[in-house]
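Please look over the sequence and the structure shown here.

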Amino acid sequence: MNVFVTGLHGFIGQGVKAEFERCGHKVFPVPREDLLLGGKGLDRITEQAEMIVNLAGTTVTGRWTEDRMIDILESRRVSTRNLVDSVNRCSKKLQLFINASAVGIYQPDRFCDEESSDIGNHFLAKVAHAWEEEVGKLRDVRKVVLRFGIVIASGGGALKKMMPWLKSRIALVLGNGGQEFPLIHMEDITGFMVYLLRHPELDGVYNMVIPNSVNYREFVAALSGYKKPLLRLRVPAWVLGVIMGPASAVVTRSAHVIPWRLMKSGYEYKCRTVKDVVEELKS
C-alpha cells in the first residue's frame, strides 16, 4: 500500500515509516511546500495515496511566545485544511486517513475518555479542537483521530529531553509531581496504525495512552530503576512558568485520560504499564 505521511521526518513520523516499511508498505513524504500551498501540487500527491497519516505541525515544546502560539495553531489548521480539501477533490477513494491530535484537548484534572465532553478552554485544547474540526470536513473517507499522550521511546520524544539529566543521575520532578502523566510507547502508536489497516470497522477518536495511568512522580520513580539517580531535584510550577511561559501548563496539568475505545478495539498493547515502557527502553 502507498502510505503518504506529513511530518515524516519528525520523531513520530520516523517511527511510522519504520513500522509500515517493516510490514511491506511503501512510505512517502508529503513535501511541506505542497502541504502549505495546497492546490494541484498536493492533488497529484493525494491521487497516488491509498492511506494518509497527517502528523504535520510546529512542535509544542519550548517557550510559547505570541508568534509561536500562532504558528502552532495555524501550521496544523492550514496544512490539514489543504490536505482535506485535496482528498475531497480526489477522484480516487482513499482507504484510510489518520490524523494526529492530543489528549491536551481535555479539561485538566478530570477523568476523560473518548466520549467525554470535558473539552478544555486552554490554548492546547483549542489547537487540538481546531485540528480535529478540519478532519471532520472529510467526505466519504474512513477517518481516525489519534489523541496522543506523551510519546516515549529511546530515540526521542519526552525522554530525549530527560536523558541529559538521567545521565547526570539527577531526577527532575516538575511541579508538585502529582499531575497526571498520560504516556504511550511509540511502538503502540505505530502498532495501532497498522492494526487499523487490518480492521476496517474501526474509525473515530482514540486516546493513545496506556490503560494503567500514572502521575509524573510515579513515572520518575519508574525511570529511577532505569538509571538510578543520586539526586532528586524538584522544579516548582512558578519556576516553570517563568522559564516556559504558558507552555508550562503542558507539564504541570493534565486530565486523567482513559483509552476506553482503544481497549475495546481488540488491539493488544505492547506496553500496558509504565513498567512495560521502562523495560522496553532497556531492551
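Twelve names make up the buried side of the account: in H4, the buried residues are Arg68, Ile72, Ser75, Arg76, Ser79, Thr80, Asn82, Leu83, Val84, Ser86, Val87 and Asn88. Buried here means under 20% relative accessible area, exposed means over 50%, and partly exposed lies in between, with a 1.4 Å probe and protein chains only. Helices (H or I, at least four residues) and strands (E, at least two) are DSSP runs, numbered from the N terminus.

This is a predicted model, in which local features need pLDDT of at least 70 and side-chain atom pairs count only at pLDDT 80 or more, while totals for chains, interfaces and linings use all residues. Residues are numbered from 1 along each chain as its sequence is written, and side-chain values use heavy atoms, with hydrogens and water left out.

The buried residues of H4 pack against several elements, among them strand E1 (2–6), helix H3 (40–48), strand E4 (96–102) and helix H5 (123–135); contact means heavy atoms within 4.5 Å. The 24 residues of H4 should span 34 Å at 1.5 Å a residue, and its end C-alpha atoms are 34 Å apart, which agrees. The expected span is 1.5 Å times one less than the number of residues. H4 also has a kink of about 25°, centred on glutamate 74, where the bend at a residue is the angle between axes fitted to the seven residues ending there and the seven starting there.

What does the side chain of arginine 76 reach? Arginine 76 lies in H4, which covers residues 66–89, and its side chain reaches the backbone oxygen of isoleucine 72 at 3.0 Å. Such a polar contact is a pair of N or O atoms within 3.5 Å; within protein, one must be able to donate a hydrogen and the other to accept it, and residues adjacent in sequence count only if both atoms are side-chain atoms. Arginine 76 is buried yet has no salt bridge, and the nearest side chain of opposite charge, aspartate 71, is 7.6 Å away. Lys and Arg count as positive and Asp and Glu as negative, while His and the chain ends are not counted. A salt bridge is a side-chain nitrogen of Lys or Arg within 4 Å of a carboxyl oxygen of Asp or Glu. Leaving aside neighbours within four places in sequence, arginine 76 is in contact with Ala56, Gly57, Thr58, Val60, Val127 and Trp131.

How many salt bridges does a search of the whole structure find? The search finds nine. One of them joins arginine 77 and glutamate 74, with the closest N and O atoms 2.5 Å apart. These two residues are three apart in H4, so about one helical turn separates them. Another pairs glutamate 21 with lysine 17 at 3.1 Å, N to O; both lie in helix H1 (residues 11–22), four residues apart.

The side chains of arginine 253 and aspartate 109 also meet in a salt bridge, at 2.6 Å, N to O. Arginine 253 lies in the loop between helix H10 (249–252) and strand E13 (256–257), and aspartate 109 in the loop between E4 and E5, so the pair ties together parts that are 144 residues apart in sequence. Aspartate 109 counts as exposed, at 55% relative accessibility, and has a positive phi near 65° although it is not a glycine.
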